[in-house]
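Me: I would like to learn how to read the packing features of a protein model. Could you take me through one, feature by feature?

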Amino acid sequence: PDVVRVQSDSGPLGDTSKAVLRLEDGLEAEAVRIPMGRGRYTLCVSSQVGCKMGCAFCETGRMGLLRHLRTDEIVAQLLVSRQRLGWDVRNIVFMGMGEALDNADHVIRAIRVFNDEAGLAIGQERITVCTVGHVEGIRRLDSEGFKRLNLSISLNAANDSLRSEIMPVNRRTQLSELQATLASYRPRRNFALGVNYCLLPGINDSRADARAVAEFCSPLGRVLVNLIPYNPGTQPLTRAPADAEVEQFITWLREEGLPVRERITKGRSVMAACGQLGNP
């Protein structure tokens, strides 16, 4: 793909940079280089142009699904990043535009190319697939035999009423089925599931919400909750949370016995942060 433009946002760990890539049919996908500290960077890659999941807090969902990316178009995001942009990338996360497991065939083939010693030789432990809770896709991933691959779930609400409101996928697959599927997903003994929670002030940030998250995670074995402060897009669902609100919710989660890590906001000023991709 052609590089249309690169936009960067400076931060304490380094620059967060978004590359807009034009595909052969004229559609555009986005990839983001994210600084992780100690000179290490993760590449957030897209699996689709647009997305049909329609999550209320996500810019990509406003586009609808335009099409799936092919395997070569997914792999090309890393090749362009390294060879044309000179980005040194250590890890890969499928958290860009699109629901990765809605395009499972091409995403799985791309993972195998990334991982193969005759391909790009990136260890499975340095690749993460993030999903909104695509149960069929999680089961498919489980059947592929990846032992070291990382998986994270975008939860964002742990009661069916609220989650169905902000994440329409929950109307098809409610939390009990998702919970059971995740509880059975154990590719290795020390596997830890990532549970991503986008904090939306006035929507999912109460003490009861924190307790519900703990109840959802209880049968899932090892988990790590990644708390992500909401990044407003072109049509904000709410405001970004204040630091004190983030700290309060983290405290509540830890009181429930959950390990929590705050996801530091990176790239918000150039629409490169979590939930902002969509080439607005």
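This is a predicted model: local features need pLDDT of at least 70, side-chain atom pairs count only at pLDDT 80 or more; totals for chains, interfaces and linings use all residues.

Me: Let us begin with the rings: how many aromatic pairs does a search of the whole structure find?

Reply: The general idea is to look at the distance between ring centres and then at the angle between the planes. A search of the whole structure here finds four aromatic pairs. One of them joins Tyr197 and Phe249, with 5.2 Å from centre to centre and 15° between the planes, and this pair counts as stacked because planes under 30 degrees apart are classed that way.

Me: Where in the chain do Tyr197 and Phe249 lie?

Reply: Tyr197 belongs to strand 10, residues 193-199, and Phe249 to helix 8, residues 243-255, so that the pair links distant parts of the chain, 52 residues apart. Tyr197 counts as buried, at 1% relative accessibility, and Phe249 is likewise buried, with a relative accessible area of 0%.

Me: Turning to helices, which residues of helix 7 are buried, and what do they pack against?

Reply: In helix 7, residues 207-217, the buried positions are Asp209, Ala210, Ala212, Val213, Ala214, Phe216 and Cys217. These buried residues pack against helix 4 (160-166), helix 6 (175-183), strand 10, strand 11 (223-229) and helix 8. Two of those partners, strand 10 and helix 8, are also the elements that hold Tyr197 and Phe249.

Me: How should I read the pairing of helix 3 with helix 6: at what angle do their axes cross?

Reply: One compares the directions of the two axes, and angles under 35 degrees count as roughly parallel. The axes of helix 3 (residues 135-143) and helix 6 come within 10 Å and cross at roughly 10°, and the two helices are therefore roughly parallel to each other. At the contact, Val135, Ile138 and Arg139 in helix 3 meet Glu177, Leu178, Thr181 and Leu182 in helix 6.

Me: Which residues have a positive phi although they are not glycines?

Reply: Here the backbone angle is read together with the location and the accessibility of the residue. Ala121 has a positive phi of about 55° and is found in the loop between helix 2 (104-115) and strand 8 (127-131), where Ala121 is partly exposed, with a relative accessible area of 46%. Asn156 has a positive phi of about 70° and is found in the loop between strand 9 and helix 4, but Asn156 counts as buried, at 1% relative accessibility.

Me: Is Asn150 buried or exposed, and what does it touch?

Reply: Asn150 is found in strand 9, residues 150-154, and counts as buried because its relative accessible area of 18% falls under 20%. Leaving aside residues up to four places away in sequence, Asn150 touches Gln124, Glu125, Arg126, Ile127, Thr128, Val129 and Arg188.

Me: And where are Arg90 and Phe57 placed?

Reply: Arg90 is in the loop between helix 1 (71-83) and strand 7 (91-94) and is partly exposed, with a relative accessible area of 36%. Not counting residues up to four places away in sequence, Arg90 touches Arg40, Tyr41, Ile122 and Arg126. Phe57 is in the loop between strand 5 (48-50) and strand 6 (65-68), and is buried, at 11% relative accessible area. The C-alpha atoms of Phe57 and Gln235 are separated by 8.9 Å, although these residues are 178 residues apart along the chain.

Note on methods. Residues are numbered from 1 along each chain as its sequence is written. Side-chain values use heavy atoms; hydrogens and water are left out. Rings of Phe, Tyr and Trp (its six-membered ring) pair if their centres lie within 6.5 Å; planes under 30 degrees apart count as stacked, over 60 as edge-to-face and the rest as tilted. Helices (H or I, at least four residues) and strands (E, at least two) are DSSP runs, numbered from the N terminus. Buried means under 20% relative accessible area, exposed over 50%, partly exposed in between (1.4 Å probe, protein chains only). Contact means heavy atoms within 4.5 Å. Axes are lines fitted to C-alpha atoms, for helices over the stretch in contact, and angles run from 0 to 180 degrees between N-to-C directions. Angles under 35 degrees count as roughly parallel, over 145 as roughly antiparallel, 65 to 115 as roughly perpendicular and the rest as oblique.
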